[in-house]
Amino acid sequence: IAVPEWTLSFVTCGSVVKLLNLKHNVRLHSHDVRYGSGSGQQSVTGVTAVEDSNSYWSVRGTSDTFCHRGTPVKCGQTIRLTHVNTGRNLHSHYFASPLSSNQEVSAFGEEGEGDHLDEWTVQCGGTVWKREEAVRFRHKATDALLSVTGEQYGQPIHGQREVHAMSSPSQHSLWKAMEGIFMKPSESPAES
């Protein structure tokens, strides 16, 4: 059951959200544009535009830990973030990012299924991921944090910011759930 966004104070499994990098005021974004270097996989960027359907990500469990729809995401829980419009998962690996030479972050897989490099651990302060809270996403396989440091792309994605992963936490790796459809906890699975 989707509920108006103001009624839930936490992020739940099955929710579709936009994630804002607080330091740089850009939303996590992807599109069917591939990197010209590194892995050559689908690029992930940060955009200043608020209204862009390519900035929606679905909060999902991993291949070995089910994330029951409507259940609050716990601090320390490992999740996948699937790009809604292309069906690819937020992904990282030991390739250099194109602008800053940090660790590349891409979108990978088909129809929501990729591999273990799509798994991210939510780092937050309490027991569950609260919507008003700044959180970090730590890449499980490499221990690096989803980050933006402000480098801007030229054509064909002019003005978009590089998104990458970095080993040490900083202001650049703080994110907040913004616009979206938040699934309400229910006694039984919601019929869709």
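Student: Looking at β6, which residues sit on each of its faces, and are they buried or exposed?

Tutor: Thr 78, Arg 80 and Thr 82 lie on one side, Ile 79, Leu 81 and His 83 on the other, and all are buried, so both faces of β6 are covered. Keep in mind that this is a predicted model.

Student: How many of the residues of β6 are buried?

Tutor: Six of its six residues are buried. In a regular strand the side chains alternate between the two faces of the sheet.

Student: Which strands does β6 pair with?

Tutor: Strand β5, residues 57-60, is joined to β6 by four bridges, and the two run antiparallel. Strand β9, residues 120-123, is also antiparallel to β6, with two bridges.

Student: What stands opposite His 83, then?

Tutor: Trp 57 stands opposite His 83. On the β9 side, Ile 79 has Trp 120 as its bridge partner.

Student: And where does β9 go from there, which strand is paired with it over four bridges?

Tutor: That is β10, residues 136-139, which pairs with β9 in the antiparallel sense. Trp 120 stands opposite His 139 in β10.

Student: Change of topic. How many residues are in the largest nonpolar core?

Tutor: The largest nonpolar core has 37 residues. Among those with the most contacts inside this core are Leu 19, Leu 90, Trp 129 and Phe 137. Strand β13, residues 175-183, gives the largest share, three residues. In soluble globular proteins, nonpolar side chains tend to be buried together.

Student: What does Trp 129 touch?

Tutor: Leaving out residues up to four places away in sequence, its contacts include Phe 10, Leu 19, Val 73, Ile 79, Cys 124, Phe 137 and Ala 177.

Student: Why does Trp 129 count as buried?

Tutor: Because its relative accessibility is 0%, and buried means under 20%. Phe 137 is buried too, with a relative accessible area of 0%.

Student: How many aromatic pairs are there in the whole structure?

Tutor: A search finds one. The pair is Trp 129 with Phe 137, edge-to-face, at 5.4 Å centre to centre and 75 degrees between the planes.

Student: Which charged side chains lie over a ring face?

Tutor: Lys 18 lies over the face of Tyr 56, 4.6 Å from the ring centre. Arg 131 lies over the face of Phe 182, at 3.8 Å from the ring centre.

Student: Now backbone geometry. Which peptide bond is cis?

Tutor: The one from Gln 155 to Pro 156 is cis, with omega near 0 degrees. Pro 156 lies in the loop between β11 and β12.

Student: Which residues have a positive phi although they are not glycine?

Tutor: Asn 25 has a phi of about 55 degrees, and Asp 143 has one of about 70 degrees. Most residues other than glycine have a negative phi, and most peptide bonds are trans.

Student: Where are Asn 25 and Asp 143 found?

Tutor: Asn 25 is in the loop between β2 and β3, and Asp 143 is in the loop between β10 and β11. Asn 25 is partly exposed at 47% relative accessible area, and Asp 143 is partly exposed at 46%.

Student: Last one. What does UniProt list for the MIR domain?

Tutor: The unreviewed UniProt entry lists residues 8-62, 70-125 and 126-180. In the model, residues 8-62 are 0% helix and 45% strand, with end C-alpha atoms 23 Å apart. Residues 70-125 are 0% helix and 43% strand, and their end C-alpha atoms lie 20 Å apart.

Note on methods. Residues numbered from 1 in each chain as written. Predicted model: local features only at pLDDT ≥ 70, side-chain atom pairs only at ≥ 80, totals over all residues. Heavy atoms only, no water. Core = buried A, V, L, I, M, F, W, Y, C linked by side-chain atoms within 4.5 Å. Buried < 20%, exposed > 50% of the residue type's maximum accessible area, 1.4 Å probe, protein only. Contact = heavy atoms within 4.5 Å. UniProt positions renumbered as here; feature names shortened; annotations may be inferred. Pairing = 2+ DSSP bridges. Phe/Tyr/Trp six-rings, centres within 6.5 Å; stacked < 30°, edge-to-face > 60°. Lys NZ or Arg CZ within 6 Å of the ring centre and 35° of its normal.
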